[in-house]
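Take a look at the sequence and the 3D view, then follow the points below.

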Amino acid sequence: MQFINIGYGNLVSSDKILCIVSPDSAPVRRLVQKAKEEGTLVDASQGRKTKGVIVAENGRVILSAFNPETIAGRMHSEVTDEE
C-alpha cells in the first residue's frame, strides 16, 4: 500500500483513489456540497484554497490545496519508484 502526500502532512492511500479533479466545474461543486451534507467530506486543505478534489473508492470526497497535476505527478513518481 502506497500513500500519496496531498499537502501539509496529509496522506491518502493511492490504492483507494478513483479520480482527482479540479473544483472549478459546477458538477464537482455539487459533489463537494453533497458530500458535506452527508458527512463524507474530508477537508485536507488546511484552510487554504481548494485546488484539487479527490474521490475515493469508499465514496469519500477529499479536498486538497494542491493542483490535480501535482497530486497525479506524485502518484506517478511513487509508481516508478516501485519498479
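Met-1 sits in the segment before strand E1, which covers residues 3–7. Keep in mind that you are looking at a predicted model. Met-1 counts as exposed because its relative accessibility is 68%, and the cut-off for that word is over 50%.

**The start of the chain**

- Next, look for Asn-5, which you will find in strand E1.
- Is Asn-5 buried, partly exposed or exposed? Its relative accessible area is 31%, so Asn-5 is partly exposed; that class lies between the 20% limit for buried and the 50% limit for exposed.
- Which residues does Asn-5 touch, once its neighbours within four places in sequence are left aside? The contacts are Asn-10, Leu-11 and Arg-74.

- Strand E1 runs antiparallel to strand E2, which spans residues 10–13, and four bridges join the two.
- To see one of the pairings, find Gly-7: its bridge partner in E2 is Asn-10.
- Together E1 and E2 form a hairpin, with two residues between the strands. Tyr-8 is in the turn and has a positive phi of about 55 degrees.

**The four-stranded sheet**

- What is the order of the strands in the open sheet of four? Reading across, the order is E3-E5-E6-E4, and the pairing is mixed.
- Strand E3 (17–21) and strand E4 (41–43) are the edge strands, each pairing on one side only.
- On average, neighbouring strands of this sheet are turned by 20 degrees against each other, with direction ignored.
- Strand E5 (residues 52–56) pairs with strand E6 (residues 61–64) in the antiparallel sense, over four bridges.
- Here too you can pick out a pairing: Gly-52 has Ser-64 in E6 as its bridge partner.
- A handy rule for looking at strands is that, in a regular strand, side chains alternate between the two faces of the sheet.

**The helix across the sheet**

- Helix H1, made of residues 26–38, lies across E3, E4, E5 and E6.
- At what angle does H1 run to E6? The angle is about 115 degrees.

Technical notes. Residues numbered from 1 in each chain as written. Predicted model: local features only at pLDDT ≥ 70, side-chain atom pairs only at ≥ 80, totals over all residues. Heavy atoms only, no water. Pairing = 2+ DSSP bridges. Axes fitted to C-alpha atoms, helices over the stretch in contact; angles between N-to-C directions. Contact = heavy atoms within 4.5 Å. Buried < 20%, exposed > 50% of the residue type's maximum accessible area, 1.4 Å probe, protein only.
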